[in-house]
Amino acid sequence: MGDKEVVEGFPECWTPDIVVGIDFGMTFTGVAYSCGPEWLPPKTIQRWPGRLPGELANKVPTSIEYSSESGKIQNWGFKCDPEQQGSDIKEFFKLHLAPQHQDESREGPTRQEAQRWFQDYILSIYQHIVSHFNITVPQFGSRQVEFLFSVPTTWKDVRMVEETRAILERVINTKTPRHRAVIGLTEAEAAAVYAGNEHYMVDDTILVCDAGGGTTDVNVLKLISTRGEPTRLEQLGHVEGQPIGSVFIDRKIHHLICQRLEKVRDHLELSPSDAAWIMTSGRFQRLKCAFGTDAILTPWLKLDVPTLEPTLDLPEAEIYNGQMHIAWDQIKDCFDLMVNKMYTLLDGHIKRMHSKYPGDQITYLVLSGGFGSSPYIRQCLIDRFGSSAENKHPNAEDMQILLADEPQLVVVHGLVLDRIQRIKRGVVTFESRCAPVSYGIMCDKLYDPNKHVGEPVRLDPRDNNMFAVNQIDWLIIQGSPIPYTGITKDFQLKVDPGRENDHWKVQIVMSTLPPDILPYNMREKGVQKVCCLDISVDAVDKKLKNRHWYSMKPAFWRTVFEVKVVVGPADLSFQLWSKDRRIVSGKHEPIAVSWMPAQGLEE
């Protein structure tokens, strides 16, 4: 372990005047900001194109519309109208950005299509933010602006995060040198920062459950700062996320409506699928959010069927007076499917915490996100984990279930709060974080006949030692706390004379397997290449060995240096050190990183 100070994730020699947080969500996207030098608590952008001047909204729909003729961007956000004939609206594409996402319907977009829609949507958001600041912030054109993006906890693949970073930089960094895009926290970490800034006490252990449109993230942390101090949190385990959210309820109901409308297709002017999408927006969304309250004490959910006469009855599709009748029990079944998955996720996390910290009690379960704020979801979790629950976990006997203040804004506000605390007070919120996967390097290891039988080997003529090749040295273990300053790997290379300044290549690998079954070499399953480091050793410590006339062995250069691996919220960065000094070159980066293409994880 090294204790050399680094600042990961943020460009060096860069001090923003404005920090903008962007929470790109499955169904809605939120934007908040704070301005220096005061760095007051985050303000939320509430005015959006497509809304009247007096209509405020904390979030804007994550949707983008293309012209069916030219294929160019036509509308985005609130201006997208699903009832407009011929509209080509792209929604719910966030899940499709992940290579491991399995689309059960097989009708979803390709990953390349989802990336294009993501890029176009972020461009639209960026242009609106710039327009907003141009009319609200004096001399905005001269301000340095940092655009901070959260990433889903389910994005464990650092290769995918790097691809996303490249898209964001293409959209923002190329517009002006004063604007920069930065990957900030994971959604679970940002929600935890927000929770840590609320009314909790030092040593409280908090289980944060952030449930949104497409994913539910859980994170257990301990508050280690007292009231009035900068917020400091200790992660008690790696953050976890699962595809659990409100959009899956929409899809189930959409499928149900499609099945019914197929029976009366001749009466429709739209396709059953297009009509069903219209029916699952607007009123359905409002009633879905109210599920679990007195607002749904009617026997049926009644939805207008587009283009049908209001007096028409079609009993075979359960349509009466132009409205489709859906029993609330069918809505409940869709909710319960998600609730049971939340139970499994939370139960597993609580059990692992008890195994790892048997003497610790989880004080609070804090719900956030649009889906997490559902009255039905909250009541189900109270029944399962609250004071009157049966079969409680031994480390959650008195756990109180709370709803975050402004639950739909916790991620975007947490993003900004974390960053401005670092700028204003020089304190990081997470002094360490638990890596969601294990990282290692490909290397050669001194041959051990008890370990390396059958392994490919090489002989080093300089010392006649035998080495097993393509072995793995695990540097970062899943679930183990890693200091934010990173960890250090020492390298001692033997290089032939004349090649002492050649670049040295190192292959970084990853595995999602549990720590006790990590593979030892590249021939085993469960390990994937992440990136290749091209290390320039011009300025590192070198010493010529076997240089005297009486030396019987060949001369060689011993090159000694350290590579610091910094684990960010969802990314990796690398630094070159030699003799306790960081190597920084004005001409080029001392470590060039070539990322492998993102692919499905071997879990």
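Where is Pro394 found? Pro394 sits in the loop between helix 8 (375–385) and strand 18 (400–403). This is a predicted model, so local features need pLDDT of at least 70 and side-chain atom pairs count only at pLDDT 80 or more, while totals for chains, interfaces and linings use all residues. Residues are numbered from 1 along each chain as its sequence is written, and side-chain values use heavy atoms, with hydrogens and water left out. Helices (H or I, at least four residues) and strands (E, at least two) are DSSP runs, numbered from the N terminus.

- Pro394 is partly exposed at 43% relative accessibility (buried means under 20% relative accessible area, exposed over 50%, partly exposed in between, with a 1.4 Å probe and protein chains only).
- Setting aside neighbours within four places in sequence, Pro394 touches His354 and Gln361 (contact means heavy atoms within 4.5 Å).
- Gly486 is in the loop between strand 23 (481–483) and strand 24 (487–495), and Gly486 is buried at 0% relative accessible area.
- From Gly486 to Met279, 207 residues apart along the chain, the C-alpha separation is 50 Å.

**Helix 4 against helix 5**

- Two packed helices are described by the angle between their axes and the distance between the axes.
- For helix 4 (residues 246–262) and helix 5 (residues 272–279), the axes come within 9 Å and cross at roughly 135° (axes are lines fitted to C-alpha atoms, for helices over the stretch in contact, and angles run from 0 to 180 degrees between N-to-C directions).
- That makes helix 4 oblique to helix 5 (under 35 degrees is roughly parallel, over 145 roughly antiparallel, 65 to 115 roughly perpendicular, and the rest oblique).
- Helix 4 passes helix 5 in a right-handed crossing (left-handed if the near helix is turned anticlockwise from the far one by less than a right angle, right-handed if clockwise).
- On the helix 4 side the contact includes His254 and Ile257, and on the helix 5 side Trp277 and Met279.
- By class, this contact of helix 4 with helix 5 has 8 nonpolar, 2 polar and 1 charged residues (Ala, Val, Leu, Ile, Met, Phe, Trp, Tyr, Cys and Pro count as nonpolar, Asp, Glu, Lys and Arg as charged, and the others, Gly among them, as polar).

**Helix 7 against helix 8**

- Helix 7 (residues 328–356) and helix 8 pack at about 45° with their axes 10 Å apart, and are therefore oblique to each other.
- Their crossing is right-handed.
- Among the residues that meet are Phe335, Leu346 and Ile350 in helix 7, and Tyr376, Leu381 and Arg384 in helix 8.
- The contact of helix 7 with helix 8 divides into 11 nonpolar, no polar and 4 charged residues.

**Aromatic pairs**

- There are 18 aromatic pairs (rings of Phe, Tyr and Trp, the last by its six-membered ring, pair if their centres lie within 6.5 Å; planes under 30 degrees apart are stacked, over 60 edge-to-face, and the rest tilted).
- Phe92 and Trp277 have ring centres 5.8 Å apart and planes at 35°, so the pair is tilted.
- Phe92 lies in the loop between strand 7 (88–91) and helix 1 (111–136) and Trp277 in helix 5, so the pair ties together parts 185 residues apart in sequence.
- Phe92 is buried at 14% relative accessible area, whereas Trp277 is partly exposed at 30%.
- Ring pairs also link Phe24, Trp48, Trp76, Phe93, Trp117, Phe118 and Tyr121 into a cluster.
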